[in-house]
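Visitor: I have a structure on my screen and would like to learn how to read it. Could you walk me through some features?

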Amino acid sequence: MGAKDEFDPAQKSELELGTATEELDFASASEVDRRALYEVAAAWTVEDSPGKEPPPYEAFVAMWELHDDIGFEPPRFVVARRAGKIIGYGEVRISETEANAHLATANVVVLPDHRRRGTGTALLRAMLPLTNGRTVVEAWSVFKDTPGERFATAQGFRVVTTMTRQRLTIGDPPEIGDLPAGYELVTWKGAAPEEFVEAYVEALNGIRDAPQGETSLDLTRNTVESIRREEAATVPVRWIVLLLHEGEAAGVTVVEVNPAVSTVAEQLHTVVLPAHRGRGFGRLIKAHMLHNLEGVETINTRTSSDNEHMLRVNHSLGYEDRFVYMGVQAKTADLRA
Ligand SMILES: CC(C)(COP(=O)(O)OP(=O)(O)OC[C@H]1O[C@@H](n2cnc3c(N)ncnc32)[C@H](O)[C@@H]1OP(=O)(O)O)[C@@H](O)C(=O)NCCC(=O)NCCS
């Protein structure tokens, strides 16, 4: 093992230089390690945008201690250290739902000054046991023309989806428009009322025909039981607008308020079921949602870059495109090399 002052990137890998990887349980980690993990993540969020403020520490803590917005468990971490300090991490999330029992989602981040020395690769290898038998690994935060893209390609990941991130700064809520006869809107916050939960599940499962590239993520097998489990595990506040036609499901949209920054929310699933498409209901239910949210100033959303219709609906509500990113996929077995 060489000392730091002997470092010669052409000669020695970071591992040869003594970078250790180990598991880290975020919930029980020391405050120093929790902060250091945040510093790595925060540095990444601003690395291509000088002057930009990273999200606050509390936002990352909430993200790392809670289920994510598609029901995956809080992440398990491996970290890499130099001289005891965390310089990179890998995070893995799995889901207990049957629909996604094959899938782990992953993310690897290394501080810019410590890159190209094998740390990312070491973290990726060390993360594999955390996938807990999942046969497919997907990473959904890979940006075009960045080291992340080149790293993913070098590790054998392939691009399976391209997404557009959009943001709305809420001003005066838009016109909702009239509901045709036979239609009704129901709005709630938190757990679905018992009388609407079945229609809610049916509407959510209508996401099956939304363009989503070749990701293996399956969001189409919700059941009343899975929704109740998710509601019990979800701490952030969710707002739901359900569109009914003669009492039956016709569409839905879901917004989740950021648990650490209550003025920021994430627009999640929006679905209009096939029999009701082409009549402007996508825009209508989202506009109705904007009239109901209390205290939210900014909404972020992600949509497949191929989903022209939803992108257009969002533009018409005032959303602006921010950036495009990719989802990449590999078989877990192929990452073991
Ligand atoms: C992606 C990232 C984790 C890679 O970390 P790293 O420690 O530099 O990775 P490694 O040193 O193990 O790189 C392994 C291989 O990936 C490829 N690679 C990584 N960065 C690259 C770059 N900037 N340009 C070209 N190839 C690169 C190379 O093939 C490299 O092997 P080599 O150095 O022998 O040529 C790091 O760049 C990062 O933190 N980026 C921001 C976070 C991110 O984008 N994560 C998304 C991936 S899930």
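Guide: Start with two strands. β8 pairs with strand β9 (residues 248-257) in the antiparallel sense, over eight bridges. Strands (E, at least two residues) and helices (H or I, at least four) are DSSP runs, numbered from the N terminus. Two strands pair if DSSP finds at least two bridges between them.
This is a predicted model: local features need pLDDT of at least 70, side-chain atom pairs count only at pLDDT 80 or more, and totals for chains, interfaces and linings use all residues. Residues are numbered from 1 along each chain as its sequence is written, and side-chain values use heavy atoms, with hydrogens and water left out.

Visitor: Which residue of β9 stands opposite His245?
Guide: Glu248 does. β8 and β9 form a hairpin, with two residues between them. In that turn, Glu246 has a positive phi of about 50°.

Visitor: Are Arg116 and Asp145 buried or exposed?
Guide: First, the cut-offs. Buried means under 20% relative accessible area, exposed means over 50%, and partly exposed is in between (1.4 Å probe, protein chains only). Arg116 has a relative accessible area of 81%, so Arg116 is exposed. Asp145 counts as exposed because its relative accessibility is 58%.

Visitor: How many residues of β8 are buried?
Guide: Seven of its eight residues; the strand spans residues 238-245. Strand β7 (residues 183-189) also joins β8, through seven bridges. β7 and β8 run antiparallel. Trp188 stands opposite Ile240 in β8.

Visitor: What does Val186 touch?
Guide: Contact means heavy atoms within 4.5 Å. Val186 is found in strand β7. Leaving aside neighbours within four places in sequence, Val186 is in contact with Phe196, Ile240, Val241, Leu242 and Leu244. Val186 is buried, because its relative accessible area is 10%. The C-alpha atoms of Val186 and Ala104 are separated by 34 Å, and the two residues are 82 apart along the chain.

Visitor: Why does Phe143 count as partly exposed?
Guide: Because its relative accessibility is 24%. Phe143 is in strand β5 (residues 136-143). Not counting residues up to four places away in sequence, Phe143 touches Trp44, Glu149, Phe323, Val324, Tyr325 and Met326.

Visitor: Which residues are buried in helix α2?
Guide: Tyr57, Ala59, Phe60, Val61, Ala62 and Trp64 are buried in this helix, which spans residues 57-65. The buried residues of α2 pack against α1 (31-46), β2 (76-82) and β3 (85-94).

Visitor: How do I read a cavity or a pocket?
Guide: A cavity is a set of points where a 1.4 Å probe fits but cannot get out. A pocket is an open set with protein on both sides within 12 Å along at least five of seven lines. Lining residues have an atom within 4 Å of a point. Grid points are joined across faces, edges and corners, and a volume is the space filled by probe spheres set on the points.

Visitor: What volume does the largest cavity have?
Guide: About 30 Å³. Its lining is Val92, Ala104, Ala106, Leu124, Met127, Leu128, Thr131 and Val137. β4 (103-110) and α3 (119-127) are the elements that give two or more residues to this lining.

Visitor: And how much space lies in the second largest pocket?
Guide: About 530 Å³. It has 27 lining residues, and the closest to its centre are Ile70, Thr97, Asn222, Ser226 and Glu230. The largest share of the lining, five residues, comes from α6.

Conventions:
On a 1 Å grid over the protein atoms alone, a cavity is a set of points where a 1.4 Å probe fits but cannot get out, and a pocket is an open set with protein on both sides within 12 Å along at least five of seven lines; lining residues have an atom within 4 Å of a point.
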